[in-house]
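User: I have not looked at this one before. Can you walk me through how its parts pack?

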Amino acid sequence: MSDIPKLSIVIPSYNRNTTVMANLPTLIAQLNPEVELLILDNCSKVPLSETLAPLIAAQGGNCIKIIRHATNIGAAANILRSFEVASGPWLWIL
């Protein structure tokens with residue numbers, strides 16, 4: 001099997017920590033080595049990495065990566081960034 005995932009799931013987010021935290025367990029349960037999960041934190045007031053740390057640690061951190069922007073780049077740019085960071089040939093933006 002290749003190290004490149006077949007599917008990249010990207011969640012662009014800004015100040016939606018509670019919503020992401022509430023919905024992530026269902027998504028994590030469906031991940032496998034052929035799927036990567038990328039969360040694009042658009043400089044939220046509380047970093048998503050802080051909010052999600054316990055959940056990601058419990059999962060083992062496999063296939064999940066949080067990318068935090070230094071400044072808020074705007075909603076459209078954060079969505080477009082999904083195409084730049086995805087590794088797989090298939091992309092699903094949530």
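**Helix contact and sheet**

Analyst: Asn-17, Val-20, Met-21, Leu-24, Pro-25 and Ile-28 in H1 touch Leu-48, Thr-51, Leu-52, Leu-55 and Gln-59 in H2; contact means heavy atoms within 4.5 Å. Helices (H or I, at least four residues) and strands (E, at least two) are DSSP runs, numbered from the N terminus. This is a predicted model, where local features need pLDDT of at least 70, side-chain atom pairs count only at pLDDT 80 or more, and totals for chains, interfaces and linings use all residues. Residues are numbered from 1 along each chain as its sequence is written, and side-chain values use heavy atoms, with hydrogens and water left out.

User: At what angle do H1 and H2 pack?

Analyst: Helix H1 (residues 17-28) and helix H2 (residues 48-59) pack at about 20°, with axes 10 Å apart. Axes are lines fitted to C-alpha atoms, for helices over the stretch in contact, and angles run from 0 to 180 degrees between N-to-C directions. That makes H1 roughly parallel to H2, a term for angles under 35 degrees.

User: Ok, the sheet. What is the strand order?

Analyst: The order is S3-S2-S1-S4, in an open sheet of 4 strands with parallel pairing. Two strands pair if DSSP finds at least two bridges between them.

User: Which strands are at the edges?

Analyst: Strand S3 (64-68) and strand S4 (90-93), each pairing on one side only.

User: And which strands does H3 lie across?

Analyst: Helix H3 (residues 75-85) lies across S1, S2, S3 and S4, at about 145° to S2.

How values were computed:
Angles under 35 degrees count as roughly parallel, over 145 as roughly antiparallel, 65 to 115 as roughly perpendicular and the rest as oblique.
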